[in-house]
Every structure is written in structure tokens, then in C-alpha cells.
Amino acid sequence: FARTVLQDYSLQKKVPITVNIFEATVGLVGNSEVTRTAVYNMLLQMAMDGAADGLTIAEFKEFISNIYDSVDIVEFGTSCVYRFGMEGVQEIKQAFPDKLILADMKIMDGGGHMSRMAYSFGADIVTVLAVSDDATIGNVIGSAHKVNKEVMVDMICVSDIAKRIPEVEKLGADYVCVHMGVDVQKAKNAN
């Protein structure tokens, strides 16, 4: 239901969004061999990725206001991070202090420094790439947990997901995100 409502609103307002319904702690794994059998509280994550299309922070805030009760996590997508920087994360958090704000930074190096910056601007969750060195992932997780924040480890470009998920869980990941990158999706749709 929530996915349909958000997609309908997105089409009406021409706001590109991605909706992820995932299992807290381990992420959406789907029907693959790494599906968890435990039952988790479900969260609804809404990604704002329209910055590349010229949308403004004001337009994002209007959109979030209209779907406020339907989402648990507001993802400040990678294109938003690049376009608006940490000030954009801060503006969204100040406007919606009761929502979890995920900064999709796709951290690959400098984990401690990069994540501390995001948390200081109001992010509740940051993303780090699972293909990063364990030291980087560990630094992001350490920085997060020192200030009661969380980390989502993004499995994009991981060749052996079933092997890597337990490794990042052991490092202390709060969430694991399994998805296919935008470029790969476009290539598959073109064929």
C-alpha cells in the first residue's frame, strides 16, 4: 500500500523516488539464498534522488510533508549529497527532526572522518560500501556507535553477497542494503 501511494504521488508531482521496504538490522535480501528467517520490524525508506533533475530542497521538503506519516527513513540520496552537501542533510533534519535521515554517502575511504561529518550535520544513518576495506567500514561503525547513530552497509558491486553479509554484520553493521546500481539497471532495461 505505502509503495503504491508513494509511487502515485511521485508520478503526479514528477518527483523521482525509490521506495525500499526492508527488514531492520539486515536489510532487504528478497528471495535469494541469504534471506533471513527471523522476523524483524519492517521499516519504510524513501529515497530522494531527484537532485540531478534540478529539484530543490524546498520541493523535497514539500514532498516529505505530504508523505510524512508513510515513511520511517528519509534517504538523502547520493545525488542530493553531491548537489546540496551536508547543509542539505542539515536542512532536511531540521525540517523533520522526528524522522530518521539517511545520508547515502557511499563512503569508500576516510570512514571515520566522513561519517562524523554527516552525523554532525544531522544524519542518523550513513552508507558505506561493502567493497571497502574492513578498516573503513569499522571506522564508520565506530564513529556511528560513539554518538548513537547507525550505519547501512551497501552491497553494490559485491560479487559474493552471501559471504559478505555475515562479515559486515560481524563488524557491527546496523543495516545491510542489497540492491542493483542505477547504471546496471539501465543497462539491463536497454537490452
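These exercises, each with a worked solution, walk through a predicted model of one protein chain.

**Exercise 1. Get the overall layout: how many helices and strands does the chain have, and in what order do the elements run?**

Start with the count. The chain has seven helices and seven strands. Next, read the order from the N terminus: α-β-β-α-β-α-β-α-β-α-β-α-β-α. Last, check burial. Of the 191 residues in the chain, 46% are buried.

**Exercise 2. Take strands S3 and S4: in which sense do they run, and how many bridges join them?**

First locate the strands. S3 covers residues 73–76, and S4 covers residues 100–107. The two run parallel, joined by four bridges. Now find partners. Val74 has Ile101 in S4 as its bridge partner.

Then look at the faces of S3. Ile73 and Glu75 lie on one side, Val74 and Phe76 on the other, and all of them are buried. S4 is mostly covered, with six of its eight residues buried.

S3, H3 and S4 make a β-α-β unit, and it is right-handed.

**Exercise 3. Move on to S5: which residue in S5 is the bridge partner of Ile107?**

Begin with the pairing. S4 meets strand S5 (residues 125–129) in the parallel sense, over three bridges. The partner of Ile107 is Val128. Now include helix H4, residues 111–120. S4, H4 and S5 make a right-handed β-α-β unit.

**Exercise 4. Examine helix H3: where is its kink centred?**

Compare two lengths. H3 has 18 residues, and a straight helix would reach 26 Å at 1.5 Å a residue. The end C-alpha atoms of H3 are only 19 Å apart. Then look for a bend. H3 has a kink of about 110 degrees, centred on Phe84. Now list what is covered. The buried residues of H3 include Val81, Phe84, Gly88 and Ile92.

**Exercise 5. Study the aromatic rings: why is the pair Phe60 and Phe84 called edge-to-face?**

Search first. The whole structure holds three aromatic pairs. For Phe60 and Phe84, the ring centres are 6.5 Å apart and the planes stand at 90 degrees. Planes over 60 degrees apart count as edge-to-face, so this pair qualifies.

Now place the two residues. Phe60 belongs to helix H2 (residues 57–67) and Phe84 to helix H3 (residues 78–95), so the pair ties together parts 24 residues apart in sequence. Both residues are buried. Widen the view: Phe60, Phe76 and Phe84 form one aromatic cluster.

One more ring deserves a look. The charged end of Lys99 sits over the ring of Tyr68, 4.3 Å from its centre.

**Exercise 6. Inspect two backbone angles: is Cys157 buried or exposed?**

Most residues other than glycine have a negative phi. Now take Lys106. Its phi is near 50 degrees, a positive value, and it is not a glycine. Lys106 is found in strand S4. Its relative accessibility is 25%, so Lys106 counts as partly exposed.

Turn to Cys157. Here phi is positive too, at about 70 degrees. Cys157 lies in the loop between strand S6 (150–154) and helix H6 (161–171). Its relative accessible area is 72%, so Cys157 is exposed.

Terms used: Residues numbered from 1 in each chain as written. Predicted model: local features only at pLDDT ≥ 70, side-chain atom pairs only at ≥ 80, totals over all residues. Heavy atoms only, no water. Phe/Tyr/Trp six-rings, centres within 6.5 Å; stacked < 30°, edge-to-face > 60°. Buried < 20%, exposed > 50% of the residue type's maximum accessible area, 1.4 Å probe, protein only. Lys NZ or Arg CZ within 6 Å of the ring centre and 35° of its normal. Pairing = 2+ DSSP bridges. Right-handed = clockwise from strand over helix to strand, strands pointing away. Expected span 1.5 Å × (residues − 1). Bend = angle between axes of the 7 residues up to and from the residue.
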